[in-house]
Amino acid sequence: MDKTRRDFLKIAGLSALGLGAKPAADAFAQSAQGPKIAPIPEALKAKRWAMVVNLKKFKESGPDALQACVDACHTIHNVPKFDNPKDEVKWIWTESLAHALPNEEHHFLEEFVKEQMKGLPILVLCNHCDNPPCVRVCPTQATFRRLDGVVMMDYHRCIGCRYCMAGCPFGARSLNWRDPRPFIKTKLNREYPTRTRGVVEKCNFCDERLAKGLKPACVEACKNKEIIFGDLEDPKSEVRELLRANFAVRRKPQLGTQPQVYYIV
Amino acid sequence: MYNAGKVIIGILIFLGLFTYPIWSPIVLGKAGPPPQLEKPDPAKGKVCVEATDYMRSTHMSLLNNWRDWVVRDGNRIYTGLEGKKYNMSLQNTCLDCHKSREKFCDRCHNYVNVSPRCWECHIEPEYKQQQAVAWRSK
């Protein structure tokens, strides 16, 4: 029985089709059962999460509103409070104008900024940069940028090398020099883990709340809409409306990290 | 080989002692008691996320997968046995049924001499905030 080249190619082609049939059939079977893993249906989704901090409103609301934001975040995430400032761990905190927005300080600053904002503490947190230096320097990929722009920490992977702390120009990251558990002064949130000695921690844009369809804790703690959270890629979103209508600055934009926390001054 | 008799006898004695844990239950007819794990409240349902045998042998890699799916990919729902859906969380899902770390996790982990470091961060139900000491020894 002689085989021509033509016959050989026909059989080879049919065999290749046969080999491809099994994975295709499996894929169809899988989709019939529904996916094994999936996000929570109520989860908030965005192309690019961003935050707008309205300093004018914070000026109206007074210092209690600032403290309410900080407390809400630190309580929910079991952030410890150390007495020694060298051990300090913080996710969201306040800075003076000169420290928070050092490049905006000049003699002829707009009247509101210069007169009324003098001495006003400014709320600062991780900026969830588009070009995050902490992610680039992390040797274990413990910190990474999600597709929706949230710069996340995987504490399981962190080896405590502190490269990210050196890389971050905003001081948004803190190392747990000591076991944090005895220093959690607020009531423990048993739905969220603590951290352990030797890992770096920071704000996660309330990833665990976004997954359940909730806004970040600091946004919720602001009764007067001092902080607005939303999708920057959606032209109709509240953050975009605010940025269109107001003059807003970011922290150290000249460094090119593209911070995504905006301040209305 | 010099002193072949002594060397070979020595090797045999060594092998006998070294394999003692393997042959002793067969020869002596009695193994050490296996760990008794506390079963969760039957009201919580009779099945775990996956079959018992699978959980017994593979729960560690299941948990590792859960971690990666949740932290890296943002997927939090896992479809387990009988199509039941679970929130992928050690602290909020596993410990919701297996209430006691000491009577469930530790009994087996101590028996097989492993000490996973879950509890350095994840809060076990029995943990009391006031009891925290400078460095937890566990």
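**Exercise 1. Which residue of β4(A) is the bridge partner of Thr94(A), and how do the two strands run?**

Step 1. In β4(A), Thr94(A) has Leu123(A) as its bridge partner; helices (H or I, at least four residues) and strands (E, at least two) are DSSP runs, numbered from the N terminus.

Step 2. β3(A) and β4(A) run antiparallel and are joined by 4 bridges; two strands pair if DSSP finds at least two bridges between them.

Step 3. From strand β4 (residues 122-125) of chain A, Ile122(A) and Val124(A) point one way, Leu123(A) and Leu125(A) the other way, and all are buried. A residue is buried if 20 or more other C-beta atoms lie within 10 Å of its own, exposed if 12 or fewer, and partly exposed in between, with C-beta atoms placed from the backbone.

The model is predicted: local features need pLDDT of at least 70, side-chain atom pairs count only at pLDDT 80 or more, and totals for chains, interfaces and linings use all residues. Residues are numbered from 1 along each chain as its sequence is written, while chains are lettered from A and ligands numbered from 1 in the order in which they are written.

**Exercise 2. Give the strand order of the open sheet in chain A and explain why β9 and β10 stand at the edges.**

Step 1. The 4 strands are ordered β9-β2-β11-β10, with mixed pairing.

Step 2. β9 (227-231) and β10 (248-249) each have a single partner strand, so one side of each is left without a neighbour in the sheet.

Step 3. Helix α10 (residues 238-245) of chain A packs on the sheet and touches β2, β9, β10 and β11; its direction makes about 115 degrees with that of β9(A). Axes are lines fitted to C-alpha atoms, for helices over the stretch in contact, and angles run from 0 to 180 degrees between N-to-C directions.

Step 4. Strand β2 (residues 49-54) and strand β11 (residues 261-264) of chain A pair in the parallel sense over 4 bridges. Within this pair, Val53(A) has Tyr263(A) as its bridge partner in β11(A).

**Exercise 3. Asn78(A) and Gln141(A) have positive phi: is each buried or exposed?**

Step 1. Asn78(A), a residue other than glycine, has phi near 55 degrees and sits in the loop between α3 (63-76) and β3 (92-95) of chain A. Asn78(A) counts as buried because it has 22 C-beta neighbours inside 10 Å.

Step 2. Gln141(A), also not a glycine, has a positive phi of about 55 degrees and lies in the loop between α6 (133-137) and β5 (143-145) of chain A. With 10 other C-beta atoms within 10 Å, Gln141(A) is exposed.

**Exercise 4. Describe how chain B meets chain A.**

Step 1. The contact takes 23 residues from chain A and 21 residues from chain B. On the chain B side, α3 (52-71), β1 (77-79) and α4 (90-97) each supply at least two residues.

Step 2. That side has 10 nonpolar, 7 polar and 4 charged residues. Ala, Val, Leu, Ile, Met, Phe, Trp, Tyr, Cys and Pro count as nonpolar, Asp, Glu, Lys and Arg as charged, and the others, Gly among them, as polar.

Step 3. Strand β1 (residues 37-38) of chain A pairs with β1(B) in the antiparallel sense over 2 bridges. In β1(B), Tyr78(B) is the bridge partner of Ile37(A).

**Exercise 5. Why is chain B said to be more spread out than a compact globule?**

Step 1. Chain B has 5 helices and 2 strands, in the order α-α-α-β-β-α-α from the N terminus on.

Step 2. The radius of gyration of chain B is 22 Å, well over the 14 Å that the globule rule gives for 138 residues, so chain B is more spread out than a compact globule. The radius is taken over C-alpha atoms, and the rule is 2.2 Å times the number of residues to the power 0.38.

Step 3. Buried residues make up 10% of the 138 residues in chain B. In helix α2 (residues 20-28) of chain B, the count of buried residues among its 9 residues is 0.

Definitions and conventions
Two residues are in contact if their C-beta atoms, placed from the backbone, lie within 7 Å.
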